[in-house]
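Hi,

Here is the structure I said I'd pass along.

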Amino acid sequence: QVQLVESGGGLVQAGGSLRLSCAASGRAFSSYAMGWFRQAPGKEREFVAAISWSAGNTHYADSVKGRFTISRDNAKNTVYLQMNSLKPEDTAVYYCAAEFAESGRIWYGKVYEYDSWGQGTQVTVSS
């Protein structure tokens, strides 16, 4: 497993931008597929975006497609989520997650597919 620490959350007005970071410690970060999920009060944790360890494959939830971008820097053991054109409905605690992948093409989109999770960072979008 890897240890994950998110940062970059905060309060922003609708239409604004934030960039979340997730720093990983532990071995072989470059062999882990990474994902971002979010959980709003009273709702289940939902998939936001995922990236394969080669960064060759990315995938997004329909609700964020065209507004959010996931990327990674394996040299810095960090994955990012650039969030633009934020909406009040994007308000949630955002979590990053990691799972070992045997292929650089693999990404995961389900909560149960990930073993390692960060503690979360709050994103609040005001209208």
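**A buried glutamate, and what surrounds it**

E99 is buried, yet it has no salt bridge: R72, the nearest side chain of opposite charge, is 12 Å away. Bear in mind that this is a predicted model.

So what does the side chain of E99 reach? It gets to the backbone nitrogen of D115, at 2.9 Å. Not counting residues up to four places away in sequence, E99 touches S31, Y32, A33, Y108, E113, Y114 and D115.

E99 lies in strand 9, and strand 9 (residues 92-100) runs antiparallel to strand 11, with three bridges joining the two.

Strand 11 itself (residues 121-126) has two faces: T121, V123 and V125 are on the covered one, while Q122, T124 and S126 are on the uncovered one. In a regular strand, side chains alternate between the two faces of the sheet.

Then there's the largest nonpolar core, with 37 residues; M34, W36, L81, M83 and Y94 touch the most other members. Strands 3, 4, 5, 7, 8, 9 and 11 each give two or more residues to this core.

Cheers

Note on methods: Residues are numbered from 1 along each chain as its sequence is written. This is a predicted model: local features need pLDDT of at least 70, side-chain atom pairs count only at pLDDT 80 or more; totals for chains, interfaces and linings use all residues. Side-chain values use heavy atoms; hydrogens and water are left out. Buried means under 20% relative accessible area, exposed over 50%, partly exposed in between (1.4 Å probe, protein chains only). Helices (H or I, at least four residues) and strands (E, at least two) are DSSP runs, numbered from the N terminus. Two strands pair if DSSP finds at least two bridges between them. Lys and Arg count as positive and Asp and Glu as negative; His and the chain ends are not counted. A salt bridge is a side-chain nitrogen of Lys or Arg within 4 Å of a carboxyl oxygen of Asp or Glu. A polar contact is a pair of N or O atoms within 3.5 Å; within protein, one must be able to donate a hydrogen and the other to accept it, and residues adjacent in sequence count only if both atoms are side-chain atoms. Contact means heavy atoms within 4.5 Å. A nonpolar core is a set of buried Ala, Val, Leu, Ile, Met, Phe, Trp, Tyr and Cys residues joined through side-chain atoms within 4.5 Å.
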